[in-house]
Amino acid sequence: MIRYWAMLFFWCLVGGPELVGQTNRQFVFTHYGTTNGLPTNCINDMEQDTQGFYWLATLEGLVRFDGIRSKVFKRRKSDPRSVPFSNVSELRMDRRNRLWLRHSNHQVGYFNPDTWQFTPVPIRPQRPADIEGIKHFVSEQSEAIFLSVHQEILVYEEQQGAFVPATNYIPHQPERKLHGFWEHPAGHQYGLVADKAAELYDPATGTLLSSGALPPGQAPWLDELAKTDNLFFYYPDSKQRMWIMRRSAGGFTFDCYDLASSKRSLKQVFFQMPGNLSNNWCQMQELSGMIWVYGENMLAWFNETTQQFVPIPSANPSHKNLEYTGITNLFEDHEHNIWICTDKNGLYRFNPSRIWFNHLLFPKKNGLGLSEGSPLSVLPETDGGMLVNLWGEGFYRLDQNGQQIAVDIPDLPDNGAISMWDVCLDRDNIHAWFVGQPGIFHYNRYSRRGVYHNPAIFEGRTLRDVEQDHQGNLWFGTQGLGVFKWDRQRGQADFEKGLYKIPGLPIDKPVNQLAIDARGWVWVATGLFGLYVIDSQTDQVLFHFSDNVEDARFKIPERGIAQVLEYSDSVMIFATSYEVFAFNVPERQLRVIRNDEEINSLIADMRCDRYGNIWLGTVGNLYRFNPYKPTMLTLSREDGLLDDVFSLNSNHELPDGRLAFGADHSLLVFDPAQFKPASNNLKVRITEVSIGNKPQSVDSLLRKTVIELGPNNNTISIDFATMSFNDWHHIQYKMEGMDEDWVLADKDFRATYNYLPPGSYRFLLRTINADQETSPEQHPFTIKVYPPFYQSWWFFGVLLLLAMALLYWYDQERLKRRAAVDSVRNNIAEDLHNEVNTALQNINILSEMANIKADNDPQKTKEYIHQIHVKSNDVIDAMDDMLWGISPEHDNMQSTVRRIEEWVAILNRRHDTVIDLLIDPAVASLQVDMQLRYGAFLLFKEVIKGLVTVCPQGYRLHVGINKKQWQLLAEYGHDDFTTVALNNLFYRPDLSQRLENLEASWQLEERSKGFAVLISIPISPSNA
């Protein structure tokens, strides 16, 4: 009961129901607090810089806010230019975009919003003690920044970099207690209020107006200011009026004077304050052309028409989402939004000049509070007012100013308390047909008389809808009896004789709506039986939309139809619970124009405005869309829908084009023409950039032509915002080179790219409004991501050069090896040439000698011939060795081993010896160059051949490896050879030369069973 009385008190206070554009106003508040990212709900002051950022003075530091995210600036010991204190009491933005800060501990300075650096400013009053009484900044009209201290006014001097006495602006005697200082609204004049005195000074002319020096009545407002008793505050507004506020019993009194004429501008206004007056504090401010007062437990605006302050109480039913105990400041931004700073409840935003919706509230007929009945029908009256019927309450009448007046219709049934569900204006534009619960009221709008009918055919049931066809006949949709028709000709004399039920409609549930198109067809929307189409002349059903029909052209996913309307001569639009369909009547084509993914609540109401837009009221939202465009505007409580639960089929169009939708507890009235698309020139600002999760200085970052990222630091997060709250728009972004198409930003307005591949990218932004119009592309910056060194061009260049160098080196080594092989082969050929040449010379000599001795000494001739035979074999062997040595296929140790084995076998056959050869398997895997291998083979060959001569009986041979030496070991018995013969062998010139060339050595060892000859050939790294 207390709640109802409080609501009724508010109703009486603000003057009853109102329409859009009338004197009383409804405001819609959007709240921002710790749940929206603010560090605290205690906001002391607020300012806005040239970039559009909002700056908040809080107990938790200086806060930058873009409407979505906040950034806190506090004292940091590592940064001497950081904000030196956390509790910021006051802010003031000057014309040089410097943000002035004041702290409660008597510190002041300015903060650079671009570089985030704070500069402290000293305070130098004439009286040093005055520094303990810093009050506030004063600067509204001029470029000067004033500081009010205990008994002085100081001004900031740029050259001195300090606050000094403002003697150049107004002469003030420090011994007088200072109550206030202000700038004249017209500028260039300054005034102050001190003990028993008020003065206005013009520095340009040196003119000083003083309350004590002027004749009585010449400047009554100065005289009034001089009366400092009970003076609470004063305020000069933009209309050059001086408001003077004094405490009085139970509240405050306001006197208002015209500064130009020095006469009283308004009658004295009394404003009652809630609670204990001694605990209240109050401030006045002008915002958006309106005078506001605010303070502890108080917010009110001044109605210039009624010359009264209109309070906006905390947690009031008509101003939802506003709750406060103390308001510390009001601030108006660049878009004329007003921000409310509170001491405990965070921030609130509203715009008095952009009130889209007006919710008409109605008091109960018993006087106990406001009605909670839903508006059912609205009829425009001929005098500009309207007749409204509420469920459970009956009729209300509003005049052309939206004020409630007496209904004054004597013929209304039930004394006007009957609920009328729908109304239809007759084609004569004089009469109207109300249908309700139950019966029909035929009303004359001019005489305000009517006739009530309650025909027995309706069985006392509720009539939910009424429409009139082209012949003037009436069609009625009922609660559960089906559809009825009233034939005008048959019922002209007797109303009930014109009524009959339309056959062929199996409807025993409510009819939601009727609509009659240009063809005269009646469209019947039912809750459970689909949509029927009836010919109004033949009363025959033409076709039926439902989920169980056989004809696919009329098949829909559900049979519940909420609304139906005619969009054009050829297109009908109807809505089910969550979808909207368009039906082309001539072509019999059905298509879905809005689906359940776009509409998130139950459809209740639908109306087409004069601009071809369809307004869809649901249980939770209001939508606007064009059937031929893909976009849709969604309106919710943040846009001013204080009552967003719409009633079924309760919409109406007023004569001036405004639409009225019945909601749960109010009638929503709005002008569709006000919902214009957002400007396509909105500036999207970069608010924060983080590279590798580390925030960057946006100002310095945006000054760069290209943002360069390394291969291990290629994650970037970009925050952006428009700082615009007065248009319906979205932000799209695209990383050109990464995104194929534009990306619609989420509500957090952030684009994050993890691990950008190497390359060059352009980051683009644009806005898009509800009509799918896009702004020009905005290009904040270019990003260049460098690849890791192993993917860079220079690295591939180095690899290419290295590969070329390796190929060149390999080719040179190959040439060297080939040259070495050729050199060896040349040496082999040269050795062979020398041996063959020597052997041939010897053969030639022996043949000559044999020829000489042939006749005289046959025995000697045989010896010569035998020697020629031996030399010939040696030549053949040498040639065979040469051919073997220069053949590439024998360029390995395995071939050399086989050659040694073959040579030993040849010697055994030639000389009938028994040489036991054993070769270590490691010898076959030995890797030595061709020259060493060939030289060793020739040495072994000559040694073995010589040993056969020395020891013809045979011996054992072992070829192996000992450490880094290639060894040939020959073992004999004691009687198999002589030492002299062995020495002669190894000291032979040709064999000695071979030993020297290979750096080889030989030694003779005596063993228990005989002797052993050991030949060692070193294997060095150079020939391995």
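In strand 41, Lys-501 is the bridge partner of Phe-484. Three bridges hold strand 40 (residues 483-486) and strand 41 together as an antiparallel pair; two strands count as paired if DSSP finds at least two bridges between them. The model is a predicted one, so to speak of local features takes a pLDDT of at least 70 and side-chain atom pairs count only at pLDDT 80 or more, while totals for chains, interfaces and linings use all residues. Residues are numbered from 1 along each chain as its sequence is written, and side-chain values use heavy atoms, with hydrogens and water left out.

Strands here are DSSP runs of E, at least two residues, and helices are runs of H or I, at least four, both numbered from the N terminus.

Another antiparallel pair is strand 20 (residues 251-258) with strand 21 (residues 264-272), joined by six bridges. Gly-251 sits opposite Gln-272 of strand 21. Five residues lie between the strands of this hairpin, and there Ser-262 takes a positive phi near 60°.

Most residues other than glycine have a negative phi, and most peptide bonds are trans. Gln-240, in the loop between strand 18 (231-236) and strand 19 (241-248), has a positive phi near 55°. Tyr-755 also has a positive phi, about 55°, in the loop between strand 63 (750-753) and strand 64 (759-769). Gln-240 is partly exposed at 31% relative accessible area, whereas Tyr-755 is exposed at 63%; buried means under 20%, exposed over 50%, and partly exposed in between (1.4 Å probe, protein chains only). The bond from Gln-437 to Pro-438 is cis, with omega near -5°, and Pro-438 lies in the loop between strand 35 (431-436) and strand 36 (440-444).

As for helices, helix 8 (residues 930-950) has 21 residues and reaches 30 Å from first C-alpha to last, close to the 30 Å expected at 1.5 Å a residue (1.5 Å times one less than the number of residues). Helix 8 is mostly covered, with 18 of its 21 residues buried. Leu-802, found in helix 4 (residues 793-856), is partly exposed at 45% relative accessibility.
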